[in-house]
Amino acid sequence: MPIVVVVGGQWGDEGKGRIVDLLARKAKVVARYSAGNNAGHTIVNERGEFKLNLVPAGIFYPEKTCVIGNGVAVDPAVLLGEIGMLTEKGIDTSRLVLSDRAHLVMPWHVALDKLDEASRGSSAIGTTGKGIGPCFVDKVARRGVRVADLLRSEDLVPRMQTSLDYANKVITGVYGAEPIAFEPCYETYREYGSRLAPHIADVQEIVLDAHKRGEYVLLEGAQGSLLDLDHGTYPYVTSSVPSSSSSGAALGVGIGPTDIQRVVGVFKSYSTRVGNGPFPTELFDDVATQLRDHGKEDGRGEYGTTTGRARRIGWLDAVAARYSVRFNGLAAVALTRLDVLDNLKTIKICTGYELDGKIISSFPSRESTLERVNPVYEELPGWESPTTGVRTFDDLPPQARAFIKRVEQLLECPVDLISVGPSREQAVIVNPIF
Ligand code: GDP
Ligand code: IMO
Ligand code: MG
């Protein structure tokens, strides 16, 4: 049975949580494979509205196993807070399993994230400040603290000591800030360990056993492919691999790349980006304000789920999106927030970039080049009517159908699912993904 990966196709916040909540109906296991609580996934279903940072969006269905994979950077305080919030709202979290191999975000990672950013001045990345970058730095430098270490003080003490000793050298020596004391952090993490212990397991077994039994497994991506450490707009990227490449999804839960049958890319009908870095189709006009504030009165405007920052807004960039389709090996596109375009008279799609007098249709690898390109637009008529109640492709206004067909053509990938609202049922399924 298929293992299906859901990845963000742009710069994050495409609606991955919403799509996973919809697709999870058929899955037995839903697993997060990368990032940490820099992610914020919003889910609106019959249980209410939820913002999840670490817990997979499958948690709302009884009898699904939800896995936090080894590729995730886990802040135990945030995870425990999320478990508490879900429990309070009557959601059963006993089926949540945390990989013993996942790395822990430590208090000094959060401190270093903020100090690193401040020291970059005007070149700051615009991180979420959640310590995710420094946690992955420690992982690669082989001085990280892992979830398994929480369970044995004989492991926890030396691991924390090694990581903190190095961090304090940087905090005091490089940044001239106050060092962090070991003892209170140790006591806090010991307590986290005892509270998280019932959830800690070897998740690789769970995923592969479900796969072997012929059950559906859904891998929930975080962030967007253009924030990917390898393929994104470096250095304005995150410190993990959100894409579906073998170093992302497969590595992040411990399966082989050939176990993955299908990769679905989630794309907004336009573009957004939080944080700094190149954004060729960015808008600064009334359209940007209109798209950003659509649904704002219900708390559903384009403002960061994790940080509350206003998201930068732009037209759909088909050059960037096609690049993302290609390196993710996407079999299908889920197009979200189509309804946000409902009131526009005309809609633009970027079909190429003008660079030094020439039109290019490939995505440049240098961020300095991306800063210089001028988007070439195609303008399509808007439909100027509500789509939020539409449930079949044929019932969409003809202009909306034409827009979707053009997106398919430009991205060179079928649009199998269209989302016309934040709630689970507000979807048009063109071809079933499972
Ligand atoms: P994620 O990080 O990719 O899961 O996305 P976020 O949750 O950060 O941001 C997506 C936002 O769009 C959330 O507020 C969702 O509730 C909302 N959303 C998702 N799909 C749709 C849609 O089709 N229409 C509208 N209006 N909102 C949507
Ligand atoms: P979801 O899963 C949007 C961005 C940050 C910043 C850059 C690096 O909700 O789509 P980091 O804290 O990761 O070191 O910041 O990456 N970023 C996201 N932007 N959605 C996300 O997650 C993001 N996770 C990280 O804004 O530009
Ligand atoms: Mg988000």
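This is a predicted model: local features need pLDDT of at least 70, side-chain atom pairs count only at pLDDT 80 or more; totals for chains, interfaces and linings use all residues.
**Entry: ligand 1**

I listed the residues around ligand 1 and got 18. Lys-16, Thr-42, Arg-337, Asp-339 and Ser-419 come nearest. I then went through polar contacts at the oxygen atoms of ligand 1. A polar side-chain atom of Lys-16 is 2.7 Å from an oxygen atom of ligand 1. Gly-17 uses its backbone instead, with an N or O atom 2.9 Å from an oxygen atom of the ligand. For Arg-337, an N or O atom of the side chain is 2.6 Å from an oxygen atom of ligand 1. I also checked the cover: ligand 1 taken alone exposes 590 Å², and the protein buries 96% of that.

Which element gives the most to the shell around ligand 1? I found that α1 does, with 3 residues. Both α1 and β3 supply at least two residues each to this shell.

**Entry: ligand 2**

I turned to ligand 2 and found that it sits in the largest pocket. There are 20 residues around ligand 2, and Lys-16, His-41, Thr-128, Gln-223 and Thr-238 come nearest. I see Lys-16 named among the nearest residues for ligand 2 and also for ligand 1.

The side chain of Thr-128 has an N or O atom 2.6 Å from an oxygen atom of the ligand. Gln-223 contributes a backbone N or O atom at 2.7 Å from an oxygen atom of ligand 2. A polar backbone atom of Gly-126 is 3.5 Å from an oxygen atom of ligand 2. On its own, ligand 2 has 550 Å² of accessible area, of which the protein covers 97%.

The cut-off for buried is under 20%.

**Entry: Asn-70**

I located Asn-70 in the loop between β5 (65–68) and β6 (73–74). Its relative accessibility is 15%, so Asn-70 counts as buried. What does the side chain of Asn-70 reach? I found a polar atom of that side chain 2.8 Å from the backbone oxygen of Leu-251.

**Entry: Arg-312**

I placed Arg-312 in strand β13, which covers residues 312–314. I looked up two contacts of the Arg-312 side chain. It reaches the backbone oxygen of Gly-275 at 2.8 Å. A polar atom of the Arg-312 side chain also lies 2.9 Å from the backbone oxygen of Gly-277.

Key. Residues are numbered from 1 along each chain as its sequence is written. Chains are lettered from A and ligands numbered from 1 in the order in which they are written. Side-chain values use heavy atoms; hydrogens and water are left out. A residue is near a molecule or strand if one of its heavy atoms lies within 4 Å of it. A polar contact is a pair of N or O atoms within 3.5 Å; within protein, one must be able to donate a hydrogen and the other to accept it, and residues adjacent in sequence count only if both atoms are side-chain atoms. Accessible areas come from the Shrake-Rupley method with a 1.4 Å probe; for residues, only the protein chains shown count as cover. On a 1 Å grid over the protein atoms alone, a cavity is a set of points where a 1.4 Å probe fits but cannot get out, and a pocket is an open set with protein on both sides within 12 Å along at least five of seven lines; lining residues have an atom within 4 Å of a point. A molecule sits in a cavity or pocket if more than half of its atoms lie within 2 Å of its grid points. Helices (H or I, at least four residues) and strands (E, at least two) are DSSP runs, numbered from the N terminus. Buried means under 20% relative accessible area, exposed over 50%, partly exposed in between (1.4 Å probe, protein chains only).
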